[in-house]
Amino acid sequence: MVKICCLGAGYVGGPTMAVIALKCPSIEVAVVDISVARIAAWNSDQLPIYEPGLEEVVKKCRGKNLFFSTDVEKHVFEADIVFVSVNTPTKTRGLGAGKAADLTYWESAARMIADVSKSDKIVVEKSTVPVKTAEAIEKILTHNSKGIKYQILSNPEFLAEGTAIQDLFNPDRVLIGGRETPEGYKAVQTLKSVYAQWVPEDRILTTNLWSAELSKLAANAFLAQRISSVNAMSALCEATGADVTEVAYAVGKDTRIGQKFLNASVGFGGSCFQKDILNLVYICECNGLPEVAEYWKQVIKINDYQKSRFVNRLVSSMFNTVANKKVAILGFAFKKDTGDTRETPAIDVCQGLLGDKAQLSIYDPQVTEDQIQRDLSMNKFDWDHPLHLQPMSPTTVKKVSVVWDAYDATKDAHAVCILTEWDEFKKLDFQRIYDNMQKPAFVFDGRNVVDANKLREIGFIVYSIGKPLDAWLKDMPAVA
Ligand SMILES: NC(=O)C1=CN([C@@H]2O[C@H](COP(=O)(O)OP(=O)(O)OC[C@H]3O[C@@H](n4cnc5c(N)ncnc54)[C@H](O)[C@@H]3O)[C@@H](O)[C@H]2O)C=CC1
Ligand SMILES: O=C(O)[C@H]1O[C@H](OP(=O)(O)OP(=O)(O)OC[C@H]2O[C@@H](n3ccc(=O)[nH]c3=O)[C@H](O)[C@@H]2O)[C@H](O)[C@@H](O)[C@@H]1O
């Protein structure tokens with residue numbers, strides 16, 4: 001029986017390995033992690049991450065050919081294929097701080113693999129890493145090899161949170177990069193045969209190592225660039241009376257451009273877009289390509305602009321101050337159908353409003369109070385380290401309450417901010433909300449999920465990203 005071990009039981013390692021176990025009953029899959037709490041959760045009824053369809057898959061395989069364990073060394077020792085899906089956060093100190101990927105977790109994983117291995121292994125990069133990381137890993141492994149042969153493959157993951165299971169069941173493509181040597185080709189074929197058990201062969205792409213590593217950074221950069229493009233247009237729409245939804249639809253009807261990923265928003269979030277673009281920028285700078293670096297930097301700058309533009313719009317339309325006003329925040333996760341808050345635009349918006357002394361009441365169906373308090377008190381980039389290595393006792397942010405109901409959050413509020421596009425927000429009884437709010441009552445829709453005209457009929461003053469402005473908002477400056 002082929003044995004797979006995956007280092008890192010996170011948003012990628014957990015779902016990816018669960019699907020491999022489900023689709024390949026003849027393979028034994030062990031997912032291991034240094035976080036005892038995370039592994040305990042994977043072995044319980046309360047999985048550590050919320051992802052539609054995940055629980056069903058885990059329940060079908062757990063204890064049969066899918067195991068979650070903290071016995072990292074035992075499972076690496078036994079494995080034929082070792083996936084590495086550990087954190088690759090942005091460096092916060094030293095050379096490349098604020099841009100370069102921090103490969104501490106990766107390097108320690110590689111050294112541990114070299115220490116415990118007694119048989120040949122295929123080591124698969126599942127984490128998103130800088131181009132040429134495979135070469136560094138190869139060096140660590142071969143310098144400590146004790147005669148054991150390793151083949152390094154790059155197999156970046158393209159799943160999106162909230163749709164991870166569906167993306168894994170039916171991926172647009174699986175990408176495998178390897179060394180262009182007979183041993184390299186053989187390793188690529190071995191991994192290909194795993195995916196081929198459910199993915200059509202024409203969707204399994206094989207390339208050299210550096211193309212695979214760079215394609216992952218490039219794909220995320222292109223996706224984020226689309227959002228920054230439409231968000232940049234949203235500012236111009238507000239200034240001119242155009243409607244960004246209509247513009248995006250008309251633009252996307254061109255089959256060369258396509259309709260997907262053109263929703264204007266308060267800004268993109270998530271653990272990867274910003275981190276991976278910063279990493280790409282750093283690689284460009286290191287390779288003497290400052291113009292290319294500058295080009296990609298703009299994607300992040302527009303994203304930051306969009307978030308501060310939103311806060312400014314809110315504050316300026318509420319008589320230029322939100323001091324001691326209650327603002328209800330509906331949605332804190334970085335997108336719907338996940339409880340993940342890493343790099344969520346809600347953090348920047350909340351911090352902006354707190355900076356203006358607002359009183360926040362936050363509701364998200366999947367995010368706990370503890371998580372929100374941590375997020376609002378953590379330093380930039382600290383969130384992307386393993387849970388048990390993050391600051392343990394965050395100072396509770398005063399002026400923030402976290403509630404378990406949208407109606408509770410909005411009661412007596414001056415304004416409602418929608419920051420995540422949860423489906424349930426579309427079905428709220430806005431008449432009831434309006435009746436219980438201070439007047440004038442404002443709605444700032446950062447995801448364009450509510451029917452603005454209906455809300456206006458109720459009496460709300462409504463701001464929707466990139467849509468023609470209410471007379472109330474027209475004269476208010478919204479510059480960043
Ligand atoms: N979250 C996402 O949707 C996607 C993430 N990625 C990439 O995948 C990688 C992992 O991301 P996530 O799963 O989101 O992170 P995560 O933080 O959810 O999971 C990483 C896990 O690795 C564990 N870990 C760290 N060092 C370890 C070691 N030496 N041995 C064993 N376990 C160790 C941590 O405790 C943590 O549980 C990152 O490089 C990320 O850029 C790629 C595609 C999608
Ligand atoms: O490398 C990764 O981590 C992953 O990053 C993204 O996946 P994810 O961040 O989970 O979610 P997305 O659906 O891409 O959304 C990212 C952010 O962009 C925002 N977004 C998305 C689409 C859109 O049209 N407008 C928009 O503002 C979302 O609300 C969210 O905040 C990519 O879509 C995945 O392919 C990739 O594997």
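The model is a predicted one, so please read every value here as computed from it.

**Ligand 1**

Let us begin with ligand 1. It is surrounded by 25 residues, and the closest are Asp33, Arg38, Thr88, Glu161 and Lys275. Sorted by class, this shell holds 8 nonpolar, 10 polar and 7 charged residues. Both domains take part: domain 1 (3-199) and domain 2 (242-464) each supply at least three residues to the shell around ligand 1.

Several side chains reach oxygen atoms of this ligand. Arginine 38, listed above among the closest residues, has a side-chain N or O atom 2.8 Å from an oxygen atom of ligand 1. The side chain of asparagine 87 places an N or O atom 3.0 Å from an oxygen atom of ligand 1, and for arginine 342 the corresponding distance is 2.9 Å. How much of ligand 1 does the protein bury? On its own the ligand exposes 840 Å², and the protein buries 95% of that.

**Ligand 2**

Ligand 2 has a shell of 20 residues, with Phe158, Leu159, Ser265, Cys272 and Arg447 as the closest. By class the shell consists of 11 nonpolar, 4 polar and 5 charged residues. Here too, domain 1 (3-199) and domain 2 (242-464) each contribute at least three residues. Among the elements, helix H9 (residues 209-240) gives the most to this shell, with 4 residues.

Which parts of the protein come up to the oxygen atoms of ligand 2? Serine 265, one of the closest residues, has a polar side-chain atom 2.6 Å from an oxygen atom of the ligand. Lysine 335 also uses its side chain, with an N or O atom 2.8 Å from an oxygen atom of ligand 2. Asparagine 263 takes part through its backbone, where an N or O atom lies 2.8 Å from an oxygen atom of the ligand. Taken alone, ligand 2 exposes 700 Å², of which the protein buries 90%.

| Ligand | Residue | Part of residue | Distance to a ligand oxygen atom |
|---|---|---|---|
| Ligand 1 | Arginine 38 | side chain | 2.8 Å |
| Ligand 1 | Asparagine 87 | side chain | 3.0 Å |
| Ligand 1 | Arginine 342 | side chain | 2.9 Å |
| Ligand 2 | Asparagine 263 | backbone | 2.8 Å |
| Ligand 2 | Serine 265 | side chain | 2.6 Å |
| Ligand 2 | Lysine 335 | side chain | 2.8 Å |

**The second largest pocket**

The second largest pocket holds about 370 Å³ of space. Its lining counts 16 residues, and those nearest the centre are Asp120, Ile122, Gln151, Glu183 and Ala187. Two or more lining residues come from each of strand E5 (121-125), helix H6 (133-143), strand E6 (150-154) and helix H8 (182-195). Which element gives the most to this lining? That is H8, with 4 residues. In terms of class, the lining has 6 nonpolar, 3 polar and 7 charged residues.

**Two backbone details**

Finally, two loops deserve a look on your screen. In the loop between helix H16 (430-435) and strand E13 (442-445) you will find proline 440. A cis peptide bond joins this proline to lysine 439, with omega at about -5 degrees. The other loop runs between helix H10 (244-252) and helix H11 (273-286) and contains phenylalanine 261. Although phenylalanine 261 is not a glycine, its phi is positive, at about 60 degrees.

Terms used
Residues are numbered from 1 along each chain as its sequence is written. Chains are lettered from A and ligands numbered from 1 in the order in which they are written. This is a predicted model: local features need pLDDT of at least 70, side-chain atom pairs count only at pLDDT 80 or more; totals for chains, interfaces and linings use all residues. Side-chain values use heavy atoms; hydrogens and water are left out. On a 1 Å grid over the protein atoms alone, a cavity is a set of points where a 1.4 Å probe fits but cannot get out, and a pocket is an open set with protein on both sides within 12 Å along at least five of seven lines; lining residues have an atom within 4 Å of a point. Grid points are joined across faces, edges and corners, and a volume is the space filled by probe spheres set on the points. Ala, Val, Leu, Ile, Met, Phe, Trp, Tyr, Cys and Pro count as nonpolar, Asp, Glu, Lys and Arg as charged, and the others, Gly among them, as polar. A residue is near a molecule or strand if one of its heavy atoms lies within 4 Å of it. A polar contact is a pair of N or O atoms within 3.5 Å; within protein, one must be able to donate a hydrogen and the other to accept it, and residues adjacent in sequence count only if both atoms are side-chain atoms. Accessible areas come from the Shrake-Rupley method with a 1.4 Å probe; for residues, only the protein chains shown count as cover. Domain bounds come from an automatic or database domain assignment.
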